[in-house]
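The following note was prepared for a colleague who wishes to examine the fold and its packing. Please read it beside the sequence and the coordinates.

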Amino acid sequence: MLRRWVGSTLVTTLVTACNARAPHTDGNAAGADAGAVTVSSAAPRPTAAPLSASDCGKIPCRIFPDAAAAFSTVLYPLPVVLAIGESHAQQGTESVESTTRHFMRELLPELAGRATDLVIELMLPNPKCAPAANKARQEQKVVTEHQAKTDQSDYVELGTRAKALGIAPHALEPTCDDLALIAKAGPDVVTVSLDVVTRLMQETVSKLVAAHVAAKDNRAVVAYGGLMHNDVEPRPETAQWSFGPALRTLTANHYTELDLVSPEQIKDTPTWNALPWVPGFDRDAHVGRTVLLSASAGSYVLVFSRATTMPVVPSASPR
């Protein structure tokens, strides 16, 4: 299992198809492999206190003074897998603090001592098949050109800062066949990229969970990427790109889905308005406060407080 972290050029898989998703109602998990490693549920974990209704639209929510306080609710009980999803920052929003940098600054330190590994949605270039890797990078420009140019550097910095906290960062390691599929995908590059990313994320997290079971380590494995991938109950048309149901079964329901949203991202568009928590939600109603929404146990949306300036996140190591 990869336990190194590199700052070199990476094949980026921050595709625009990973749009913001809302928490879903609870239900039976499905989709795990027949031979999946399971985590014993002989000692049930206590459930967190229910969220209270507030002026957050149709989904119950709770208002917190800061993101760290809201995160404490999400981390109780500590899941085996904490799957964090974000809506990737788009081009033209570089002056606004990205969700990734919010997470680095406000939440990542809370995972020190609670998590062992952080799997990040970035694909490493495979040196065994450089031509395919280069072609795949070119093909993916159609899905990355609309994203903020800081997205990739933020993800690399996230891994660096996690490592400084004692949390091992992991990028995805595609095979030459994976890269060849993306390279020749043409108009289907979004679909093929999503297929590859979903499988690699699930495989990487599953191997880490198996290692935890063998070592009797109760700390969490954290996954960080697009919101669509972590859905526990995805829509039928996007189900093939979510590892949520499989990992929920793998961990005997000790799986938490957390969607992170910067309030500046929320727009009056069909994509955002289709989310069940957005109608009636006023992003300006709780200035300086963090909003945590949850439609069911183990599924959350955390909306960071609105910032007027972009804080500087210091580097984890001297330049």
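The points below go from the basis of the model to its sheet, its cores, its aromatic pairs and its backbone.

1. Basis. The model is predicted, so local features need pLDDT of at least 70 and side-chain atom pairs count only at pLDDT 80 or more, while totals for chains, interfaces and linings use all residues. Residues are numbered from 1 along each chain as its sequence is written, and side-chain values use heavy atoms, with hydrogens and water left out.

2. Overall composition. The chain contains nine helices and eight strands; these are DSSP runs, numbered from the N terminus, with helices being H or I of at least four residues and strands E of at least two. Of its 319 residues, 51% count as buried, where buried means under 20% relative accessible area, exposed over 50% and partly exposed in between (1.4 Å probe, protein chains only). The chain exposes about 13,800 Å², of which carbon and sulfur atoms supply 54%; the areas come from the Shrake-Rupley method with a 1.4 Å probe, and for residues only the protein chains shown count as cover.

3. Contacts along the sequence. Among contacts in the chain with a separation of 6 or more, 83% are between residues 24 or more positions apart. Contact here means heavy atoms within 4.5 Å.

4. The sheet. In what order do the eight strands of the open sheet lie? The order is β1-β7-β8-β6-β2-β5-β3-β4, and the pairing is mixed; two strands pair if DSSP finds at least two bridges between them. β1 (61-64) and β4 (168-172) are the edge strands, each pairing on one side only. From one strand to the next, the twist averages 20°. β2 and β6 run parallel and are joined by six bridges, and Gly85 stands opposite Asp259 in β6.

5. A helix across the sheet strands. Helix α7 (residues 189-215) lies across β2, β3, β4 and β5 and runs at about 165° to β3. Axes are lines fitted to C-alpha atoms, for helices over the stretch in contact, and angles run from 0 to 180 degrees between N-to-C directions.

6. The nonpolar cores. A nonpolar core is a set of buried Ala, Val, Leu, Ile, Met, Phe, Trp, Tyr and Cys residues joined through side-chain atoms within 4.5 Å. The largest has 30 residues, and Leu82, Phe103, Leu111, Leu258 and Leu260 touch the most other members. Elements giving two or more residues to this core include α1 (67-74), α2 (99-107), α5 (151-164), β2 (81-86) and β6 (255-261). Another core, of 24 residues, lies apart from it and has Ile182, Val192, Val196 and Met201 among its members.

7. Surroundings of Leu260. Beyond its neighbours within four places in sequence, Leu260 is in contact with several residues, including Ile84, Gly85, Thr99, Phe103, Leu107, Tyr224 and Leu302.

8. Helix α2. Why is α2 largely enclosed by the rest of the structure? Eight of its nine residues are buried. They are Thr99, Thr100, Arg101, His102, Phe103, Met104, Glu106 and Leu107.

9. Aromatic pairs. Rings of Phe, Tyr and Trp (its six-membered ring) pair if their centres lie within 6.5 Å; planes under 30 degrees apart count as stacked, over 60 as edge-to-face and the rest as tilted. The count comes to four aromatic pairs. The rings of Phe103 and Tyr224 have their centres 5.0 Å apart and their planes at 35°, so this pair is tilted. Because Phe103 lies in helix α2 and Tyr224 in strand β5, the pair ties together parts that are 121 residues apart in sequence. Phe103 is buried at a relative accessible area of 0%, and Tyr224 is buried with a value of 0%. Trp272 and Trp277 form an edge-to-face pair, at 6.5 Å centre to centre and 90° between the planes; Trp272 and Trp277 are buried. Phe103, Tyr155 and Tyr224 form one aromatic cluster.

10. Backbone points to inspect. A cis peptide bond, with omega about -5°, joins Tyr76 and Pro77; Pro77 is placed in the loop between α1 and β2. Lys216 is not a glycine, yet has a positive phi of about 55°. Lys216 lies in the loop between α7 and β5 and counts as exposed at 75% relative accessibility. Ala252, also not a glycine, has a positive phi of about 55°. The loop between α8 (244-250) and β6 holds Ala252, which counts as partly exposed at 23% relative accessibility.
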